Amino acid sequence: MTYIAKPKLHHPSLPTNKLGYTRRDYEGAISTLCAGCGHDSISAAIIQACFEVDIEPHRVAKLSGIGCSSKTPTYFLGNSHGFNSVHGRMPSVLTGANLANCELIYLGVSGDGDSASIGLGQFAHSMRRGVNMVYIVENNGVYGLTKGQFSATADKGSRSKRGVVNTDAGIDMAALAMQLGATFVGRSFSGDKDQLVPLIKAAIEHRGAAFIDVISPCVAFNNHEGSTKSYDYVREHNEVVNRLDFIPVREAITVQYPPGTVTEVRQHDGSLLRLRKVAADYEAGNRVAAMNYLQERQSRGEIVTGLLFVDDQAEDLHGHLHSVEAPFNTLGEAELCPGAAVLAKINASLR
Ligand SMILES: Cc1ncc(C[n+]2csc(CCOP(=O)(O)OP(=O)(O)O)c2C)c(N)n1
Ligand code: SF4
Ligand SMILES: [Mg+2]
């Protein structure tokens with residue numbers, strides 16, 4: 001058995017959101033991952049974020065590949081659409097689903113093996129095309145499900161549990177996403193819910209390819225001394241560049257911060273991202289500056305977290321293609337077969 005159903009009963013006084021749902025309504029089956037696995041904390045953050053932004057669970061499509069990380073959609077949003085695809089192939093399945101129905105909220109969940117090794121090409125094209133989605137990589141630096149081999153995000157010089165030193169250069173997924181054209185890029189740590197929940201909420205509201213790299217320690221195979229993805233290492237080397245407040249468009253904007261410490265970014269839908277700068281010289285709206293900052297800090301062994309880059313003017317794949325703004329399965333004969341005169345006009349334009 002790969003999942004255990006949770007009992008449906010819950011306490012009648014649990015708080016509800018604007019739609020009348022409790023947090024329990026966003027949960028899934030009981031997790032069968034190892035106790036202490038970072039992935040379970042990410043599932044909890046996704047549940048919290050969806051509860052807080054008042055999402056109707058049936059409006060979410062969660063897609064994944066193969067790995068412990070890719071198993072996690074079973075453990076949240078039990079009332080949403082789900083598709084567990086082939087190893088590394090989540091992005092193309094998600095792109096197809098998104099093209100067919102742009103009304104759903106797409107959540108892609110993947111691992112560092114799934115996205116940075118076998119699925120690297122798929123990851124790259126979903127970023128550059130601007131597929132409207134939240135793409136979360138649960139990054140532990142190993143193939144957890146197949147017993148802890150180094151993945152492509154393992155840092156050069158890091159040591160495996162059995163003492164082997166990784167001699168290959170590691171891929172920084174956040175830097176790569178920025179280079180590939182993602183319009184929202186964040187990085188966080190599974191152990192920092194205060195940072196991760198608002199990042200996920202803001203990514204949900206972003207129109208375009210939103211990518212979040214979440215360092216998520218694997219307690220079974222990559223949580224020892226010498227690992228750069230362990231709880232201890234990340235806590236010691238985490239450089240938080242900003243703290244994000246996400247304010248949905250329906251809420252009155254009241255709080256004011258002293259000038260010089262806050263950057264505000266208004267998204268397409270009117271929601272506001274308020275960035276309290278921790279690193280005064282960090283510019284989340286400047287792709288080149290953000291990429292340079294990441295590289296510079298990485299060379300010092302620091303893991304930069306926060307909202308790393310956001311383009312508030314972003315457009316998604318549907319915008320690029322000028323595709324119809326209705327789910328394909330709602331189109332009738334009138335839209336799909338516009339008649340002989342229109343066909344003749346199209347043919348004439350091609351001669
Ligand atoms: C085509 C294919 N190749 C290899 C595998 C074996 N396999 C299953 S999961 C996995 C790696 C998973 O690593 P990651 O995506 O980092 O997830 P984690 O378990 O670490 O969360 C591999 C290589 C597979 N299932 N399918
Ligand atoms: S093997 Fe690692 S990644 Fe997989 S469930 Fe256990 S701790 Fe998590
Ligand atoms: Mg992994």
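## Salt bridges

A salt bridge is a side-chain nitrogen of Lys or Arg within 4 Å of a carboxyl oxygen of Asp or Glu. Side chains of opposite charge can pair when their charged atoms come close. By this rule the count in this predicted model comes to 13 salt bridges. As the model is predicted, local features need pLDDT of at least 70 and side-chain atom pairs count only at pLDDT 80 or more, while totals for chains, interfaces and linings use all residues. Side-chain values use heavy atoms, with hydrogens and water left out; residues are numbered from 1 along each chain as its sequence is written, and chains are lettered from A and ligands numbered from 1 in the order in which they are written.

Let us visit three of these pairs. Arginine 276 meets aspartate 245, with their closest N and O atoms 3.1 Å apart. The two link distant parts of the chain, 31 residues apart: arginine 276 sits in strand E12 (residues 272-277) and aspartate 245 in strand E10 (residues 242-247). Helices (H or I, at least four residues) and strands (E, at least two) are DSSP runs, numbered from the N terminus. Aspartate 245 is buried, at 19% relative accessible area, and arginine 276 is partly exposed, at 29%. Here buried means under 20% relative accessible area, exposed over 50%, and partly exposed in between (1.4 Å probe, protein chains only).

Next comes lysine 201, whose side chain forms a salt bridge with that of glutamate 52 (2.7 Å, N to O). Lysine 201 belongs to helix H7 (residues 193-205) and glutamate 52 to helix H1 (residues 38-52), so this pair ties together parts that are 149 residues apart in sequence. Lysine 201 is buried, with a relative accessible area of 14%, whereas glutamate 52 is partly exposed, with 33%.

## The eight-stranded sheet

Which order do the strands of the open sheet of eight follow? They run E2-E1-E3-E4-E8-E7-E13-E9, with mixed pairing. E2 and strand E9 (238-240) stand at the edges with a single partner strand each, so one side of each has no neighbour in the sheet. From one strand to the next, the twist averages 20°. Strands count as paired if DSSP finds at least two bridges between them, and angles run from 0 to 180 degrees between N-to-C directions, with axes being lines fitted to C-alpha atoms (for helices, over the stretch in contact).

Strand E1 (residues 60-64) is largely enclosed by the rest of the structure, because five of its five residues are buried. Val60, Lys62 and Ser64 are buried on one side of E1, and Ala61 and Leu63 on the other. E1 pairs in the parallel sense with strand E3 (residues 105-111) over five bridges, and lysine 62 stands opposite leucine 107 in E3. A parallel pairing over four bridges joins E1 to strand E2 (residues 81-84), where histidine 81 stands opposite alanine 61.

## Around strand E7

Strand E7 (residues 184-189) holds glycine 186, a buried residue with 0% relative accessible area. Setting aside neighbours within four places in sequence, glycine 186 is in contact (heavy atoms within 4.5 Å) with residues including Leu199, Phe211 and Gly306. E7 pairs in the antiparallel sense with strand E13 (residues 303-310) over four bridges, and the bridge partner of phenylalanine 184 in E13 is valine 310.

Helix H7 packs on the sheet, and its direction makes about 160° with that of E7. Helix H9 (residues 287-299) lies across E7, E9 and E13, running at about 175° to E13.

## The three-stranded sheet

A second topic is the open sheet of three strands, which has the order E10-E12-E11 and antiparallel pairing. E10 and strand E11 (262-266) are at the edges, each with a single partner strand, so one side of each is left without a neighbour in the sheet. E10 and E12 share six bridges, and asparagine 242 has lysine 277 of E12 as its bridge partner. H7 lies across E10 and E12, at about 50° to E10.

## The surroundings of ligand 2

What surrounds ligand 2? Its neighbours, each with a heavy atom within 4 Å of it, include Cys34, Cys37, His39, Asn140 and Phe221. By class, this shell has eight nonpolar, three polar and no charged residues. In this grouping Ala, Val, Leu, Ile, Met, Phe, Trp, Tyr, Cys and Pro count as nonpolar, Asp, Glu, Lys and Arg as charged, and the others, Gly among them, as polar.
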